[in-house]
Amino acid sequence: MGKRTRIINDPSDLVPLLLAFGSEVHKRVFEELCCDWRTEAELSELIGDERGVHRSLDLLKKSGLAETKWKTPKPGETPKKEYHSSYSRIQANFVCSLEDLSELIYLTSMSDDELREVTEKIEEVVAKGNTSLANLSRELDLSQAFIRGASKRAERLSVRGQRIELYREEG
């Protein structure tokens with residue numbers, strides 16, 4: 001398949017990458033998507049972990065590492081989404097402090113419960129209209145790198161330039 005290169009200019013983009021390759025299920029899902037277009041059901045059957053496959057696909061889609069298309073059904077069948085890897089290579093080009101890097105790496109090892117505590121606070125402030133990364137950093141007393149990284153890992157948050165927004169799946 002194609003040999004597209006993902007260019008990373010923001011160190012917070014490492015969070016979903018490290019997560020995507022930090023678990024056996026995520027790694028296997030990505031490997032399957034590198035080989036061919038697959039539906040979620042096909043992946044679940046191959047890997048044997050339906051919940052893990054669903055979480056992997058959500059993570060890969062949100063981080064831009066997976067693309068989707070509708071599988072043309074046989075007559076009388078319902079169309080199904082198929083997934084495929086968007087990139088086969090990566091090029092990182094950024095400079096950041098070791099403090100920011102350590103926070104981003106720490107984010108990848110946080111439990112879901114620990115992350116939920118942080119992201120619920122961020123979501124609450126964002127829902128009230130405070131979406132500026134600088135303002136969120138001041139109000140929550142967290143670094144901008146940490147907020148960006150947490151938002152990229154969280155299911156219900158997304159990063160849009162210098163703003164954090166509630167996540168809405170596209171397409």
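In total, 14 salt bridges are counted, a salt bridge being a side-chain nitrogen of Lys or Arg within 4 Å of a carboxyl oxygen of Asp or Glu. The structure is a predicted model, in which local features need pLDDT of at least 70 and side-chain atom pairs count only at pLDDT 80 or more, whereas totals for chains, interfaces and linings use all residues. Residues are numbered from 1 along each chain as its sequence is written, and side-chain values use heavy atoms, with hydrogens and water left out.

One of the salt bridges joins Asp112 and Arg55, whose closest N and O atoms are 3.0 Å apart. Because Asp112 lies in helix H6 (residues 112–127) and Arg55 in helix H4 (residues 50–62), this pair ties together parts that are 57 residues apart in sequence; helices (H or I, at least four residues) and strands (E, at least two) are DSSP runs, numbered from the N terminus. Within helix H4, Asp58 and Lys61 lie three residues apart, about one turn of the helix, and their side chains also meet in a salt bridge (3.8 Å, N to O). Salt bridges that share partners join Asp10, Asp13, Arg148 and Lys152 into one network.

Asp13 is placed in the loop between strand E1 (5–8) and helix H1 (14–20), and the side chain of Asp13 makes a polar contact with that of Lys152 at 2.3 Å (a pair of N or O atoms within 3.5 Å; within protein, one must be able to donate a hydrogen and the other to accept it, and residues adjacent in sequence count only if both atoms are side-chain atoms). Ser12 is found in the loop between E1 and H1, and the C-alpha atoms of Ser12 and Ala145 are separated by 6.5 Å, although these residues are 133 residues apart along the chain.
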